[in-house]
Amino acid sequence: LEERLADWLGQQRVLLFSSGYMANLGLLSGLLGRHDRVMMDRYNHASLIDAARLSRATLHRYRHLDCSHLASLLERQPDHDRGMTMISTESVFSMDGDVAPLASIKAIADQHNALVAVDEAHALGVLGPTGAGHLEELAMPANLRPAVTATFGKSLGTFGAFVAGDKDLIDMLLQSSRTALFTTAAPAALMAATLVAVELVITEGWRREVLDHNIKRFRAGVKAVGLLPVDSRTAIQLLPAGDNETVMHWSQALLERGLLVPGIRPPTVPPGSARLRISLTASHTDAHIDQLIDALAVVCRKTDDEPN
């Protein structure tokens with residue numbers, strides 16, 4: 001499985017982990033220490049934030065998707081020559097559905113001799129010609145690709161995760177990554193299932209075509225009924241509610257109509273930005289999408305029309 005993943009992702013080596021959380025902890029804490037620094041998108045997943053803190057590296061968080069702010073943080077400490085600098089970002093953000101400007105981030109990293117680490121959990125399987133993620137979508141040359149983490153628990157439908165990178169990176173993690181060294185290996189049967197799932201993702205590109213159709217149908221439909229989804233071209237679609245009470249009212253009303261759409265509230269997202277998080281898949285049909293749109297039109301408008 002490690003060899004097949006490396007070939008698919010255009011990376012030299014892959015190291016398996018028991019979960020995505022463990023992969024992110026293993027990568028950051030395995031590479032960084034108290035003399036290093038990590039630049040992190042403010043909306044990064046909790047596992048990345050925890051990994052940075054546990055590494056004891058100096059943590060700087062730049063504004064979401066703001067490459068100018070990232071560059072300015074790096075330039076404030078141009079003489080940082082005692083250790084490593086890492087830039088950490090998701091490619092597709094789990095609670096916003098937007099996509100990081102990886103080409104610009106990589107260019108900034110090259111100017112500052114920094115390592116880029118990308119969490120492709122929500123891009124793997126759905127972006128790129130063969131589903132290898134946003135890096136494949138960008139057609140970034142193999143020798144320039146950042147270190148990558150991703151989980152098998154999203155599009156691949158199994159369990160486990162990996163870190164992918166060049167040979168030296170993986171060799172170092174084999175010596176320093178405690179979440180790889182000091183935990184039980186994943187069951188062989190589970191890894192065999194993941195290997196089959198990878199082949200299905202690669203060979204059955206029609207699933208990505210169906211998903212793209214569902215995304216476009218959903219976005220056009222909700223706009224047609226007067227709702228404004230957050231701008232996202234990925235499977236993660238959002239409808240802003242603002243306050244916690246409203247979003248939970250929406251979520252419960254949808255559940256009563258047979259639709260499971262979770263309401264996302266602080267501290268998962270910033271205060272005042274509660275939203276419905278809609279996860280579209282290739283298994284959804286046009287009838288499913290239309291059912292959701294009709295329900296959202298009723299539920300959201302009813303809330304909007306109620307007196308304060």
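Me: How many nonpolar, polar and charged residues are in the lining of the largest pocket?

Reply: The lining has 17 nonpolar, 13 polar and seven charged residues. Ala, Val, Leu, Ile, Met, Phe, Trp, Tyr, Cys and Pro count as nonpolar, Asp, Glu, Lys and Arg as charged, and the others, Gly among them, as polar. This is a predicted model: local features need pLDDT of at least 70, side-chain atom pairs count only at pLDDT 80 or more, and totals for chains, interfaces and linings use all residues. Numbering runs from 1 along each chain as its sequence is written, and side-chain values use heavy atoms, without hydrogens or water.

Me: Which residues lie nearest the centre of the largest pocket?

Reply: Ala 121, Leu 124, Lys 154, Ser 155 and Leu 156, out of 37 lining residues. A pocket is an open set of points on a 1 Å grid over the protein atoms alone, where a 1.4 Å probe fits, with protein on both sides within 12 Å along at least five of seven lines; lining residues have an atom within 4 Å of a point.

Me: Which elements give two or more residues to that lining?

Reply: α2 (20–31), β6, α9, α10 (206–224) and β10 (274–279). The largest share, four residues, comes from α2. Helices (H or I, at least four residues) and strands (E, at least two) are DSSP runs, numbered from the N terminus.

Me: And what is the volume of the second largest pocket?

Reply: About 420 Å³. A volume is the space filled by probe spheres set on the grid points, which are joined across faces, edges and corners. Leu 115, Arg 145, Pro 146, Ala 147 and Asp 166 lie nearest the centre of this pocket. Its lining divides into twelve nonpolar, seven polar and five charged residues.

Me: Switching to Lys 106. Is Lys 106 buried or exposed?

Reply: Buried, because its relative accessibility is 14%. The cut-offs are under 20% for buried, over 50% for exposed and partly exposed in between, with a 1.4 Å probe and protein chains only. Lys 106 sits in helix α5.

Me: What lies 3.5 Å from a polar atom of its side chain?

Reply: The backbone oxygen of Leu 144. Leaving aside neighbours within four places in sequence, Lys 106 is in contact (heavy atoms within 4.5 Å) with Val 116, Met 140 and Leu 144.

Me: Now Phe 162. What is Phe 162 in contact with?

Reply: Beyond neighbours within four places in sequence, its partners include Leu 5, Leu 9, Val 14, Leu 124 and Val 148.

Note on methods
Polar contact = N/O pair within 3.5 Å; in protein donor to acceptor, adjacent residues only side chain to side chain.
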